[in-house]
Amino acid sequence: MIHHICSRMTRGIGVLATALAVAASSLAAQTGSVTGRITDAQTGLPVPSAQVFIADLDLGVLTQQNGSYNLQNVPAGTQTLTVQRLGYREVTGTLQVSAGQTVIQDFEVTRAALQLDEVIVTGTPGGTQRRALGNAVARLDATELTERAAIGDLQDLLAARAPGVQFQRISGNVGGGSGIQIRGVSSLELGAQPLVYVDGIRIDNDQGVGPEIGTGRDATPLNDINPADIESIEIVKGPAAATLYGTEASAGVIQIITKRGQAGEPEFSFSTRQGTNFMVDPAGKIGTQYYCQPLENGNPRSGACPDDLIRTFNIYEHERDFNGNEIFGYGYSQNYNLSVRGGTEQVRYYLSGDWSDEQGIVSYNWDNRTNFRGNMTVLLTEGLTIDVSTGYVEGETRFAGATPGDGGVWQDMVWAFGYRLNSINTSAREGGLRGFQEHTPENVADVDARREFSRFTGSLQANHTYGGWLTQRLIVGLDRGWDTNSRYTPLDPNGFFPENARGEIFYERPQVTNQTLDYAVNARYQLTDVIGTTTSFGAQYNRRQEETIENTGSGFGSPLQRSINQTTLANLLLDYTSEENKSLGFYIQEEVSLNDRLFLTGAVRADDNSTFGEDFDLVYYPKVSGAWVVSEEDFWGVDFINSFRVRAAWGEAGRQPSVFAARNLYTAFPGPGGRPGLAPDAPGNPNVGPERTSEIEWGFDIAVLDERLSAEFTYFDQTITDALTDQALPPSFGFPGQVDSNLGELKNWGWEIGMDARVIDRANVALDLAAAGSYVENQITFLGDGILESANFQLGHPYPSVVGARVVSAELDAPGQLNRESAMCDSGAGPFGNLKGGPLVRCVDIPEQQILYGPAYPKYTVSFAPTLTLFNDIQVFALAEGQYGRWVADIGAEFASRRDNSFFTVCKCNALVEAAENAVFDDERYFGRVNADFWKMREIGVRYSLPGSLVQRVGADRASISASARNPFTIWQRSETDYGGKRIPDPEINRNTTAGANASIYEFPGIASVSVTMRVTF
């Protein structure tokens, strides 16, 4: 019986299975499939995670990492396919699906002009849509930039791409860098470095790292981050946006967001870059140099030189043509990168490895580094996600211009002496220098200055969502760097450095640790159909510790010795420093939205910091902002304006004083009987507190002409109160020197504008133009009692500034003989008597009068970035930048003139030059102080995406090859020479600083590079 029943059930199931199979076959015969790829119309890159769907059928999928999609079981007939992706304009297409067939349908999507629904994570707790922000936040798509051109470091990635963000120089050292300014200089003492975060944790962004060379430290830890690992960068530009970051954020905040995994099959990407670094026309940058011949006993002639005895030379050409030495060459540059990303909906990953080797324009300057990154996202539950981000770098840099206070071969060429040319001088000492100022190129090459570094940056971020209304975020992280800085001068009796006489080595081990703990919670309520609220609370704890051991030893017994333990104990100096800074802050914020178009936000933060004086209490920073998307209102009827948003914000933030500003410091010394004693070393100020910056900014965002043109405009006005300055102490105080005091005030104001336009949009030709501009100006408006003013630090002046006398007329009694009484100078105008345009007065009656030449920062910065796309697979791109209003102090040009290798200082036949050189009058415009306006080509290149049919033959998904040049030439330079006729090689030659007057002493001019990059994804 049972057997009979089982037999009937088996037959029944078989019949049902057969029926289902027949039905499925019949259904498949009535359907087809649609497949294709979604790419960016401007860059040609794939667009992942785009929604591709047929709305009428409720059928859709997400694109994979390579932009591909595959829709199955699409009913035969005419269907309308829609593509949507946040940040892109929606696109639709009508297609005919045939039963049993596959339709291939590719789409190019165009980016939305304003992207008001884009989520911004910086400056807001938990992130929010751009439409709700009352302040400007710049965002850069790093992936697009790095896939298009050769990007070597963060400076290449950021420079000239966001209005208001400036780098003060281009380093001629590979491995060097520059400090950053956002909206100019807003502190008298603390520089302009912004806070920098990577995936939510604060990292070290010291002004300069590496050994002391020239006049400072040339490298920056920001360049330890591999640009190829970055997804995007967000930039908060001022206190109105940075209130929630508190006491250390008034100079701005840069948030770096690294790449994450995406659901899908593993996608591998490999790239290689090959190129060269070089200096453009070094002989032309040196310019024509002068001397007087014949010599007097092998020495230069004294007094004025007659015209018929003046000789010219160029030290670079002389060394090449007479001695057969090409001082600068072409440095080989190479980079290799391999990454993989993929995963499931529950676990996603991104892994990468990168190795680069950069050779400079001299054989002893190089930089090599290895980067690793591993990021993982784990969906533990439906409402709990864990993001783990880790990065590690190690490398070594050897610098050119290795000696502090001496510079390198560039300085020895600029300050060259014609009477030392070995083509005319055979004396052992002078002829042995071959015309160079103090050292020969091979002597400079023997000095070895290095930075060996390793750095780990890791964070864990937990995101928890409950009930769709409550969101929590916890971030913990560590950034730690281990550096070894060294500088070695060998024992060499024939060397020209003073250290050569005994041999010297400097050895330093700094370790910097940054720890971050950040918690934020958001509660969102939709009170009515119209009104929504978001209440946020957060707490942040940051700890920075720097520990440094430093040794300097001299007295080697042999040229073969080069380690610190091989110097004599009597000549060994040991120093140890340890600094720690802790900050703790809490904030609360309330955001109210009306119809998701009008947004009002208010917040307040309370901060404490370990550097505050013991008599200083908590500091509070408030914030208020508003934004209104006017174009989404029912009454809006301006058809050609597609989007229009107005915004305004007011807020405060601060900058903390230095670690020991509030504490008295003592130094130990051997006392009576060999017992240690203490002596005052540096005084502290128990009342010192943070600088406080209040800012109001307002602006608008607009898109017109079917979103083919979009623009953003922002005006800002900052007041910096309690600005930290040096206050002199009376001798009776008992401590030497001065203390940091909150006794200054500074005003800082300006505007920024950014624009994107699609100028041409045709089937096979497209032209896009991105443009940006900014204006910034500041002024010292108050200095308290006892403040130590200087020539570049005066009430009523911009800060920093370049100043000097202004000699208007003068006469010579004979060549080289100035009639001092005839020299007339500008006596100064304005409320403080230090602006140009005053009555003419005899220079002898106003000795050392200091008149403002101009600010030492660019007041205007403009950039243009056109991109021409041909046949969807060829891109021609460029980036040009212009800066206006800045004055620089080219100390190389100054001392070249003062060492008499310019025409006028040799002939002594120009009355104004002779008066300017007078130590009493001192008109610096004749000695290297110049207006530094310029236009430079920052980037130019072409990128070609190889045909898919060719790429797929080798098993790859896509491939491209690009060729680009960085800083290849100067388009225009206002001051080719100073007033005295001495060549100004580069208007950006400068120390690594964001405060203080721009000075070029002991610095290399910037160098250029050309690279070819191949990228394959499979």
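**Ground rules**

I am working from a predicted model, in which local features need pLDDT of at least 70, side-chain atom pairs count only at pLDDT 80 or more, and totals for chains, interfaces and linings use all residues. Residues are numbered from 1 along each chain as its sequence is written, and side-chain values use heavy atoms, with hydrogens and water left out.

**Disulfides**

I looked up Cys 292 and Cys 305, which are joined by a disulfide with an S to S distance of 2.0 Å; the link is right-handed, with 80° about the S-S bond. Cys 292 sits in strand S21 (residues 289–292), while Cys 305 is in the loop between S21 and strand S22 (310–313), 13 residues apart; helices (H or I, at least four residues) and strands (E, at least two) are DSSP runs, numbered from the N terminus. Both Cys 292 and Cys 305 are buried, where buried means under 20% relative accessible area, exposed over 50%, and partly exposed in between (1.4 Å probe, protein chains only).

I then turned to Cys 825 and Cys 843, whose sulfur atoms are 2.0 Å apart in a disulfide. The torsion about their S-S bond is about 95°, so I noted this disulfide as right-handed. Because Cys 825 lies in strand S43 (residues 817–826) and Cys 843 in the loop between strand S44 (840–842) and strand S45 (851–855), the pair ties together parts that are 18 residues apart in sequence. Cys 825 is buried, with a relative accessible area of 4%, and Cys 843 counts as buried at 0% relative accessibility.

For Cys 907 and Cys 909 I found a disulfide with the sulfur atoms 2.1 Å apart. Its torsion about the S-S bond is about -65°, so the disulfide is left-handed. Cys 907 counts as buried at 2% relative accessibility, whereas Cys 909 counts as partly exposed at 39%. With bonded cysteines counted along the chain, I wrote the pattern down as 1-2, 3-4, 5-6.

**Backbone entries**

I checked Lys 908, which lies in the loop between helix H11 (903–907) and helix H12 (911–917). Phi of Lys 908 is near 50°, a positive value in a residue other than glycine, and Lys 908 is buried, with a relative accessible area of 14%. Asp 922, in the loop between H12 and strand S49 (929–931), also has a positive phi, near 55°; Asp 922 is partly exposed, with a relative accessible area of 22%. I logged a cis peptide bond between Tyr 799 and Pro 800, with omega about -10°, and placed Pro 800 in the loop between strand S40 (765–783) and strand S41 (801–804). I kept these entries because most residues other than glycine have a negative phi, and most peptide bonds are trans.

**Nonpolar cores**

Which residues touch the most other members of the largest nonpolar core? Of its 40 residues, I found these to be Ile 315, Phe 328, Trp 410, Met 413 and Phe 1004; a nonpolar core is a set of buried Ala, Val, Leu, Ile, Met, Phe, Trp, Tyr and Cys residues joined through side-chain atoms within 4.5 Å. The elements giving two or more residues to this core are strand S16 (209–213), helix H5 (282–286), helix H6 (315–323), helix H7 (409–414) and helix H10 (891–898), and the largest share, four residues, comes from H7. Leaving aside neighbours within four places in sequence, I listed the contacts (heavy atoms within 4.5 Å) of Met 413 as Ile 286, Gln 289, Ile 315, Tyr 316, Ile 327, Phe 328 and Phe 436. Another core, of 24 residues, lies apart from this one and has Leu 158, Ala 162, Phe 167 and Ile 254 among its members.

**Ser 625**

I placed Ser 625 in strand S33 (residues 619–629), where Ser 625 is buried, with a relative accessible area of 6%. Leaving aside its neighbours within four places in sequence, Ser 625 is in contact with Gly 134, Phe 599, Leu 600, Thr 601, Ala 648 and Ala 649.

Definitions and conventions. Disulfide = S-S within 2.5 Å.
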